[in-house]
Amino acid sequence: MFAARLPKRLPLRVLPRARPITTTCSRRSDALFVHRDTPYNNPKIPFEFDAENLTRAKEIISRYPPQYKKAAVIPLLDLGQRQNKGWTSISVMNYVANLLEMPPMRVYEVATFYTMFNREPIGDNFVQVCTTTPCMLQGSTDILNAVCEQLGGIKPGQTTKDGKFTVVEVECQGACSNAPMMVVNDDFYEDLTPESTKKILNAFTKGEKPKPGPQSGRQTSENSAGLTSLTTKPYGPGEFCSPEFS
Amino acid sequence: MLRILPTVTRPSSGLLGKVVASPSSSRRTISSTPARQADITLTVDGKEVTVPQGSALIQACEAAGAVIPRFCYHDRLAIAGNCRMCLVEVERSPKPVASCAMPAMPGSKVFTNTPLVHEAREGVMEFLLANHPLDCPICDQGGECDLQDQSMRYGADRTRFHEITGKRAVENKDLGPLVKTSMNRCIQCTRCVRFANEVAGVEELGTTGRGNDLQIGMYVAKTMDSELSGNVVDLCPVGALTSKPYAFHARPWELKNTESVDVHDALGSNIRVDSRGVQVMRVQPRTNDDVNEEWISDKTRYSYDGLRFQRLTTPLVKRGDRFVPASWEDALSAVATGLAASGATGDEIQAVAGHLADTESLVALRDLVHRLGSDNLTLDQNAGTSSPVHGIDVRSNYLFNSTIPGVERADAILLIGTNPRHEAAVLNSRIRKSWLHTGLEVGLIGARADTTYGYEYLGASARALSDFVQGKGSKFAEKFAAAERPLIIVGSALTEHQDGAAVYNMLAKYVLANKAKLLTPDWTGLSILQRIASRPAAYDVGFVPSKKAASAKPKFVYLLNADEVDPKSIPQDAFVVYQGHHGDLGAQLADVCLPGAAYTEKSTTWVNTEGRSQLGRAAVPPPGASREDWKIIRALSEYVGVPLPYDNVLALRDRMWEVSPTLVRYDITEPTSTDIVLAGLAQLAEKTNGAKVGDQPLKRAVENFYQTDVISRASVTMAQCTRAFVKGEGYGFAGLGKQGDKAEAAFA
C-alpha cells in the first residue's frame with residue numbers, strides 16, 4: 001500500500017549502503033556433545049587394555065617425556081577404540097585418562113573434538129564415503145547413493161539392522177587424485193563406480209576383504225590415460241659416459 | 001609459554017593402578033615463565049607508554065588510557081585469545097591483531113581508534129551476536145552484561161541476521177544449586193573453564209565438540225563441586241552463568257551497593273553487599289589484592305538468605321518453658337534481676353565470645369565483665385574456657401604472619417591440622433596458584449583432604465610432626481629444610497586439641513632452631529590460620545580467662561553470638577543471657593535473648609587472620625527491635641549498675657585504641673619484628689615445655705564447609721549445597737561418585 005506513495009526510483013544516494021552477507025546453511029553435527037548413560041555406554045562397564053595393547057600403550061607412552069605423558073592421549077584413544085569394536089565408550093576415555101594421569105575431562109575434550117573417535121557403537125564394517133569437492137565432482141553422490149541402496153536403504157550416519165555396516169559421509173581423506181573414494185575400516189577403495197562399490201560391499205557382506213586401492217585397474221595414482229612422460233627405457237650404468245668410464 | 005619446571009619433573013609413576021599409590025607424582029599442567037623486569041616503551045594512539053616486558057598489548061593499551069573491549073581476556077586468568085573483541089591496529093602489521101594474545105613490543109605503534117579497528121570490532125560483535133539469543137529482558141545479566149554494553153558501544157546498529165533455521169541451541173547444564181546455566185547465551189569465552197581449572201581446581205569443566213558445536217560443560221552429568229564456584233557467575237561476560245538463588249530477584253540498577261567485609265571465615269574477604277530496601281539481595285566480591293584478589297567463597301556469596309530466616313527480632317524473656325516477647329526495658333531489667341538472683345560474683349560471671357562477635361562488642365563486653373569484677377572471658381570453642389596454648393601476649397603467636405599474599409612467595413608449605421580449602425577457601429586458591437606456577441612443595445599433617453593441589457601426607461597426629469621435626473620418615477622434611485622460604489601453616493583447631501601444647505612446643509623449638517630461614521626480617525615462616533572471624537580480634541582484645549577465673553563454676557553466663565557451646569558446659573542453675581541475631585543453639589539455652597545485628601546491619605571492625613583490621617559497613621537496618629551489639633552491652637551496663645564510659649561508636653573506638661592500637665589502624669597489617677617473634681616463640685616453648693606428644697589424630701576443623709555458623713545454618717541455599725555437595729544427594733554421576741580418596745588421587 002505504500003508503494004504508490006514512493007517515488008518510482010529513489011535517488012541512489014538515499015539508499016543505505018547495501019551490506020551483503022553471505023551465509024552458508026550451518027550443518028550442525030548430529031553427534032551429541034554430552035554423555036548420557038545408556039545400558040551399552042556407561043562408566044560401570046569395565047574396560048582395560050588387553051596384554052598386547054598394554055605393551056603397545058607402554059611403548060607409545062615411552063615416546064614422550066614423562067611429564068608430557070598426556071601427549072599420548074590420541075594414539076591411546078585410537079588403540080582403545082580399536083579394541084572396543086571401533087568406538088570410544090566413556091569407559092575407554094576414563095581408562096585412558098587414568099592411564100595417563102590426566103583429568104577425564106581433558107580426554108573427553110579430545111575425544112569430542114576429533115570426528116574419527118566414534119562415541120556411539122558402529123557396525124562391523126565402517127564405511128566412510130568422501131563427499132568433499134574433488135570426489136563430488138567425480139560423482140561421489142552416486143557412490144553414496146549406491147552404498148545406501150546396497151545396504152538396504154539406510155541413511156548416512158546409520159547402521160544396518162544386522163549390525164554389519166555403518167555408513168557415514170566424511171570430509172577429504174587426501175586421495176583426491178583417485179576420486180571418488182571411500183574408506184572401509186582402515187582401507188581406501190578408490191576410483192569407484194557405483195558397480196565396483198556394490199561389488200566391494202558384497203565382498204564385505206560375505207566376510208571377504210577385497211583388494212584395497214584403485215578399483216579401475218590403474219597403478220596407484222598414475223595417469224589413467226596412459227603415461228605421457230618417462231616412457232623410454234631408462235639408461236643404465238656405463239651409457240653416455242666419457243670413453244674412459246664406459 | 002608452556003614450561004614445566006625442573007623441580008616439577010618427576011619420574012613417571014608408571015601405569016594404571018599405581019596412580020593412587022604414588023602421591024608424589026605430580027601433574028601440574030599450567031605453567032608460565034616468570035615475568036622479566038625490563039621495561040619497554042611503545043606508542044599507543046600517539047602516546048608513549050612504558051610497560052614491563054612480557055606484558056600483553058592490551059595491558060599497554062590500558063596503561064595508555066585506551067579502552068579495549070574484551071570478553072575472554074581477564075588479568076587473573078590465562079590468555080585464551082578466542083573472542084577476538086580486543087583487535088587493534090599495529091603499524092606494519094597487515095591485519096588487526098588480538099591485543100590480549102600479542103606481547104607488547106618495544107617501539108611498535110599501536111592504534112586503537114581507527115576505521116579498521118572500528119570495523120573489526122563491529123564484525124566480531126556481529127559474529128558473536130549471530131548465535132546469541134535476544135532475550136535480554138528475561139536475562140539476569142541485563143544491566144551488567146558485557147555483551148549488552150559492548151554491543152551498544154561497538155556493535156552495528158542494524159542486523160543482517162536472516163537465518164530461517166534460527167540460532168544455535170545448546171542444552172543447559174546442571175552445575176548444582178548455585179550456578180544457573182543458560183547455555184544458549186554462551187559466547188565460548190572459556191573464562192569459566194580457565195577459572196575452574198586454574199583457580200578453583202575443578203578440572204572437570206571444559207569444552208566439548210568443535211566449531212559451531214563447541215559447548216562448555218562437564219561432558220558427563222556432574223555438578224561443579226567447588227567452594228569458589230560462584231565466581232564463574234561474576235566472570236561470565238554474558239548471562240550464560242548466573243546466580244541461581246538470585247535468579248529473577250532484582251536488577252542491578254535497583255540495588256544499593258555497600259562495601260563491607262565478610263565474616264564467614266577469618267580471611268576478611270572484601271565484599272560488596274547489594275541491598276534493596278531492608279533486604280540483602282546478593283553479595284559480591286570487591287577487589288583487594290592483599291586479601292581475596294577478586295574471588296570470594298560460595299559461603300560468603302550465597303549464605304545471605306540466612307539473614308532472613310530464624311532471626312531474633314525482639315527481646316525474649318523465658319517464662320517457664322516459653323519465650324515471651326518483651327520490651328528492651330523489661331529484658332534488660334530481667335538480665336539485671338537474673339544476675340542479682342543468681343548470686344554470681346567475681347569470676348562466676350562468665351562471658352562467651354562466639355564466631356560472629358564484632359570487635360566493638362567484644363571490647364564493650366570485656367569492659368563490662370571486668371567492671372563486674374570477673375575475669376572469666378571465654379571463647380566459644382572446644383577448650384575455650386582455658387587460656388589458649390599459644391598465649392595472647394605476642395601477636396605473632398596467633399596470627400597469619402606470612403600474610404595472605406606472602407603465601408605465594410613460599411616454596412615449601414607444611415600444613416598442620418588444617419584444610420585451607422574449607423577453612424579459608426580463597427587462601428587455598430593462592431596455594432594452588434603457587435603450586436601450579438612454581439615448584440612449591442606441600443606437606444600435610446592431619447586428616448587427609450582434597451586440597452586441589454598435590455601434597456605429601458606425613459601422618460595424622462602430632463607424632464608425625466615430631467618425626468618431621470627430627471627430619472626423618474619423609475622426603476618432605478628434606479625438601480622443607482632445603483627450601484628458601486619455608487612456611488608452616490598451623491590450623492586454628494590445634495588450640496582446641498589435646499596435643500596442641502605439644503605441637504606448639506615442637507614448632508616453637510623447630511622455628512627457633514631454624515631461624516636462619518624461617519625467621520628473617522623479610523620472612524616469617526610460621527603462620528596460624530584462624531578460621532573464625534571474631535577470633536583474632538578476641539585474642540587481640542585479650543578475651544581469654546585468667547588461670548584462676550578458668551576454674552570458677554559460672555553462675556551467670558553471657559553468650560555473645562555463641563552458638564557452638566556445649567550445653568553440658570553450662571551449669572543447670574546458671575542464668576544464661578544470649579545476645580545474637582539468630583535463634584540457634586545459644587538462644588535455646590538462654591533465659592533472656594537480646595536481639596543483635598548481623599554483619600550486614602552494623603558498621604563494625606573485623607580483624608582477619610593476618611591481624612588486618614577492616615571496617616564492615618551497614619547495608620540494611622537491623623530487623624525489628626534488634627540493635628547494634630555494642631549498644632546493647634552499653635545499655636545493659638546501666639541496668640547492672642556499672643555504666644560503660646562510651647556513648648558513641650567513636651568513643652568506643654578510642655577505647656579500642658587504648659586496648660590495642662592495631663584494632664583501629666584499618667586496612668593494613670603490621671608485621672611483627674623478628675625479635676618480638678623470637679621472644680614470643682621462646683616464651684611459647686618455655687610455657688609448653690614438657691608437653692607429651694599423643695597419638696590422637698588431628699581431626700577436620702570444618703566437617704561441612706557450607707554450614708559453619710548461624711547465618712549459613714539458617715540459609716536455604718547452604719542447606720541445598722550441603723545436600724548436593726556434602727551428602728551427594730540428588731546429584732552425582734553413576735559409578736564416579738564422591739570418594740575422597742579418589743578425588744585426592746586425581747591431584748596427587
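This is a predicted model: local features need pLDDT of at least 70, side-chain atom pairs count only at pLDDT 80 or more; totals for chains, interfaces and linings use all residues.
Residues are numbered from 1 along each chain as its sequence is written, chains are lettered from A and ligands numbered from 1 in the order written, and side-chain values use heavy atoms, leaving out hydrogens and water.

**View 1. Chain A and its elements.** Here you'll find 7 helices and 5 strands in chain A (DSSP runs numbered from the N terminus: helices are H or I, at least four residues; strands are E, at least two). Along the sequence they go α-α-α-α-β-α-α-β-β-β-α-β.

**View 2. A closer look at A:Tyr114.** A:Tyr114 sits in the loop between helix 4 (104-113) and strand 1 (125-130) of chain A. With a relative accessible area of 37%, A:Tyr114 is partly exposed, because that label covers values between buried (under 20%) and exposed (over 50%), using a 1.4 Å probe and protein chains only.

**View 3. Two helices crossing in chain B.** The axes of helix 4 (residues 191-200) and helix 10 (residues 425-437) of chain B come within 8 Å and cross at roughly 90 degrees. So helix 4 of chain B is roughly perpendicular to helix 10 of chain B (65 to 115 degrees counts as such). Axes are lines fitted to C-alpha atoms, for helices over the stretch in contact (heavy atoms within 4.5 Å), with angles from 0 to 180 degrees between N-to-C directions.

Technical notes:
Angles under 35 degrees count as roughly parallel, over 145 as roughly antiparallel, 65 to 115 as roughly perpendicular and the rest as oblique.
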